[in-house]
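Here are my notes on the aromatic contacts and a few neighbouring spots. Have a look at the model first, then read on.

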Amino acid sequence: KSLSHLQSFVLSLSLLITFFIYTKFYFPEIDVSINKLNGVFLTTIVIMFLGCFMILALGDLLSRVPVVRFYLAYIGQNSLTVFAIHIIFVISVYLFFSNNNITSLGGLIVVAYSLVMSLSLDFLLRKYLPFVFGNFRKI
């Protein structure tokens, strides 16, 4: 019998939290967020795979909600544009906050800001400068 999507998400999340607590207690020198992997290599690999599995399970769960599915599909359809221009907004935030350290929460804010601004710029470019994307209007 296979697990449901919610069960697989909960299982992967609980395993991830368990391994995270285990490594923080027994191997405090491992910190994946800053790429510090001085601990046990196998434990680090297990945590990375559990994190990927949890993200995939979360994405599958979110895709079952119609409103969320619409926005995820929109982001997916415009992901190349977001990838191409997000760095402009990321650099602008880092230049603006150059004297401060950006923490993990700050990193999430940078991601959200760059995503929203990139999608906004994508919308404006598609509406007013469609030739950038190879679409030409007849005059």
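1. Phe-89 comes out at 12% relative accessibility, so it counts as buried (buried is under 20% relative accessible area, exposed over 50%, partly exposed in between, with a 1.4 Å probe and protein chains only). Bear in mind that this is a predicted model, where local features need pLDDT of at least 70, side-chain atom pairs count only at pLDDT 80 or more, and totals for chains, interfaces and linings use all residues. Residues are numbered from 1 along each chain as its sequence is written, and side-chain values use heavy atoms, with hydrogens and water left out.

2. How many aromatic pairs does a search of the whole structure find? Two, taking rings of Phe, Tyr and Trp (its six-membered ring) with centres within 6.5 Å; planes under 30 degrees apart are stacked, over 60 edge-to-face, the rest tilted. Phe-89 and Tyr-113 have ring centres 6.2 Å apart and planes at 90°, so they are edge-to-face. Phe-89 sits in helix H4 (residues 79-96) and Tyr-113 in helix H5, so the pair ties together parts 24 residues apart in sequence. Helices here are DSSP runs (H or I, at least four residues), numbered from the N terminus. Tyr-113, at 35% relative accessibility, counts as partly exposed.

3. Phe-70 and Tyr-71 also pair: with centres 5.2 Å apart and planes at 75°, they are edge-to-face. Both residues are exposed.

4. Met-117 belongs to helix H5 (residues 104-128) and is partly exposed at 29% relative accessibility. Its C-alpha lies 8.9 Å from that of Val-82, 35 residues away along the chain.

5. Arg-126 lies over the face of Phe-133, 4.1 Å from the ring centre (the cut-offs: NZ of Lys or CZ of Arg within 6 Å of the centre and within 35 degrees of the ring normal).

Notes. Helices (H or I, at least four residues) and strands (E, at least two) are DSSP runs, numbered from the N terminus.
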